[in-house]
Amino acid sequence: MGAQQSSFAAQIFRRMPVGRRPHTEEGLKRTIGLVQLVGFGVGATVGTGIFFVLTEAVPNAGPGVVVSFVIAAVTAGLTALCYAELAGSVPVSGSSYSYAYATLGEVVAMVVAACLLLEYGVSASAVAVGWSEYLNQLLDNLFGVQIPHDLSYAPEAGGVVNLPAMVLVVLCALLLIRGASESATVNTIMVGIKVAVLLLFIAIAATGWNSDNLADFAPFGVAGIQAASATIFFSYIGLDAVSTAGDEVKDPARTMPKAIIISLIIVSTLYVAVALTAVAAQPWQDFEGQQAGLAQILENVTGSTWPSTVLAAGAVISIFSITLVVMYGQTRILFTMGRDRMLPPIFARVNPRTLTPIPNTIIVATVVALIAGFIPLNWLLDTVSIGTLVAFMVVSLGVIILRRRAPDLERTFKVPLYPVLPLLSIAACIYVLTGLALVTWVVFLIWVAVALAFYFSYGFRRSTLRTGAGDEEATS
């Protein structure tokens, strides 16, 4: 009995060799460089928080939401350094899932995969929902018309279906099917427009600065700031997105750590600057329930619609890029799981002409579109945060384990002040997690239980490490 238990434990905690390489017949094409990869990081993060999460976070924290952004940035920054080290040590697609598989074992990797599927799938849907708000704002400013309420809001928001969100998901899927390089190039252009628009917002909102709006800085105290930081953390998902592209990046061991750190610096600076000027330009009480919030702030400050029209246009473009990158990350995580036979092989099937996983992309687009069309935004945000935070904790823990288990492994980047920073990263994630509502935890635990049930009924028996099908792919 004891031997059986030991054997079972050995099987569920079996680890993927760190130096594995993709199968040559199934491999994706390496076409993404540093600039495009930074575009992925910035594209997936800047916008998710700033363009519409202020409406959710400011009513909880008041002007103290600026501190919430700083807390989230510090937490993400600590983790980003850990991501940078693992991205250089385990330069394959799959992000935290691959890192957990190489350091903590197969069953833990499945739990992390559940977190990532929640993180990417739900966040893509949440972002697409926000897109329809800015699209309506833009149409109203330009032509004086809006998409009917029933067709632009989910049922719980008083509509029937969020049709613009579903259309956006389909457009992103078509671009992803076309090719990774084409998607990355389009995304880089959109990111440039997005950053320019946010700099415009900062410059104009600063002219409406009113110190009285900051007087009641933390109306709900530390608890409010903590709760807001948990919601805002959703906006740092882009750091993870960079590490999903390992199989398609040129010189991934060196390029990925650089891209993660550069992305973090750009994102954190823009977030704090936009949040500060926004709460200084508008009373915090006005944020609750506000549609297309940043555009509305500019309209109030200038008394004119042109700045808000520019902002709404920028938001429409930038949220397109976020949805694109997050869906890209989702498909590459599923691709890696399919290659490992933790999911059916259809997820790892690559089209020989486009060198993209087309069936995988169609499945992801269908699920994301359905969620975006029929589930409200506010419920989605916290479930994204909890998945992201758990994945971040595993990455930080993975750095510590890999340093002890493979001290001589070649690393293109090392976390400074080891082991203090990885431990601080874990502590910061736990701190933000404690701010999440009980119902969010219940939903999360149910989702993890479903993922584990699938693992023991499918992946446990079919994984490449058990069947040996992946021996030719792995080099230890």
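**Entry 1: α3 against α10.** I started with how α3 and α10 run relative to each other in this predicted model. The axes of helix α3 (residues 54–61) and helix α10 (residues 221–232) cross at roughly 165° and come within 7 Å. Angles over 145 degrees count as roughly antiparallel, so I wrote down α3 and α10 as roughly antiparallel to each other. I also noted the hand of their crossing, which is right-handed.

Next I looked up who touches whom. On the α3 side I found Glu56, Ala57, Asn60 and Ala61, and these meet Gly224, Ile225, Ala228, Thr231 and Ile232 of α10. Sorted by class, the contact of α3 with α10 holds five nonpolar, three polar and one charged residues.

**Entry 2: α3 against α4.** Then I turned to helix α4 (residues 65–89), which packs with α3 at an angle of about 115°, the axes being 9 Å apart. The range 65 to 115 degrees counts as roughly perpendicular, and α3 and α4 are therefore roughly perpendicular to each other. Here α3 brings Leu54, Ala57, Val58 and Ala61, while α4 brings Val65, Ser68 and Phe69. My tally by class for α3 with α4 reads six nonpolar, one polar and no charged.

**Entry 3: the core.** Which residues have the most contacts inside the largest nonpolar core? I got Leu37, Val65, Phe69, Phe201 and Leu294, in a core of 152 residues. Helix α6 (residues 106–143) gives the most to this core, with 18 residues.

Notes. Residues are numbered from 1 along each chain as its sequence is written. This is a predicted model: local features need pLDDT of at least 70, side-chain atom pairs count only at pLDDT 80 or more; totals for chains, interfaces and linings use all residues. Side-chain values use heavy atoms; hydrogens and water are left out. Axes are lines fitted to C-alpha atoms, for helices over the stretch in contact, and angles run from 0 to 180 degrees between N-to-C directions. Helices (H or I, at least four residues) and strands (E, at least two) are DSSP runs, numbered from the N terminus. Angles under 35 degrees count as roughly parallel, over 145 as roughly antiparallel, 65 to 115 as roughly perpendicular and the rest as oblique. A crossing is left-handed if the near helix is turned anticlockwise from the far one by less than a right angle, and right-handed if clockwise. Contact means heavy atoms within 4.5 Å. Ala, Val, Leu, Ile, Met, Phe, Trp, Tyr, Cys and Pro count as nonpolar, Asp, Glu, Lys and Arg as charged, and the others, Gly among them, as polar. A nonpolar core is a set of buried Ala, Val, Leu, Ile, Met, Phe, Trp, Tyr and Cys residues joined through side-chain atoms within 4.5 Å. Buried means under 20% relative accessible area, exposed over 50%, partly exposed in between (1.4 Å probe, protein chains only).
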